[in-house]
Amino acid sequence: MKTIVRTGSHIEGIHWIAEYLETTHEIRVLREGAEVGIYDAPPTLFGEEADTGSKSVAEHRALDAALRAYLMRFVADHDAEE
């Protein structure tokens, strides 16, 4: 069963959350609990190892780190537009 990988961060006083949906390879972004949008995950974000079966602890940490990096970049771009 594929799961949802979720990470969050407080950035300049605002709580942001990113959820990676493995089945659709999409990232759902929430700001203060409200959905900002659902975006296609970059093809290189997690690599092909996502389809290799059970993940090790290191792979889980790498997935979380990649998702957090995506979230930080998304927030920087989002704030620049405002």
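This is a predicted model: local features need pLDDT of at least 70, side-chain atom pairs count only at pLDDT 80 or more; totals for chains, interfaces and linings use all residues.
Me: What makes strand 1 and strand 2 a pair?

Reply: Two strands are said to pair if DSSP finds at least two bridges between them. Strand 1 and strand 2 (residues 14–21) have eight bridges, in the antiparallel sense, so they meet that definition. Residues are numbered from 1 along each chain as its sequence is written, and side-chain values use heavy atoms, with hydrogens and water left out.

Me: How do you know what counts as a strand or a helix?

Reply: Both are DSSP runs, numbered from the N terminus: a helix is H or I over at least four residues, and a strand is E over at least two.

Me: What makes strand 1 and strand 4 edge strands?

Reply: The four strands form an open sheet in the order 1-2-3-4, with antiparallel pairing. Strand 1 (4–11) and strand 4 (34–40) each pair on one side only, which is what puts them at the edges. On average, neighbouring strands of this sheet are turned by 20° against each other, direction ignored; the axes behind that angle are lines fitted to C-alpha atoms, for helices over the stretch in contact, and angles run from 0 to 180 degrees between N-to-C directions.

Me: How do strand 3 and strand 4 join up?

Reply: Strand 3 (residues 26–31) runs antiparallel to strand 4, and six bridges join them. Leu30, for instance, has Glu35 as its bridge partner in strand 4. Two residues lie between the strands of this hairpin, and Glu32 takes a positive phi near 50° there.

Me: Why is Thr7 called buried?

Reply: Buried means under 20% relative accessible area, exposed means over 50%, and partly exposed lies in between (1.4 Å probe, protein chains only). Thr7 is at 5%, so it counts as buried. Thr7 sits in strand 1, and its side chain makes a polar contact of 2.8 Å with that of Arg68.

Me: What makes that 2.8 Å a polar contact?

Reply: The term covers a pair of N or O atoms within 3.5 Å; within protein, one must be able to donate a hydrogen and the other to accept it, and residues adjacent in sequence count only if both atoms are side-chain atoms. The 2.8 Å between Thr7 and Arg68 therefore falls within the limit.

Me: What makes a group of residues a nonpolar core?

Reply: Its members are buried Ala, Val, Leu, Ile, Met, Phe, Trp, Tyr and Cys residues joined through side-chain atoms within 4.5 Å. The largest one here has 16 residues, and Trp16, Tyr20, Ile27 and Val29 have the most contacts inside it. Strand 1, strand 2, strand 3 and helix 1 each supply at least two residues of this core, with the largest share, seven residues, coming from helix 1.
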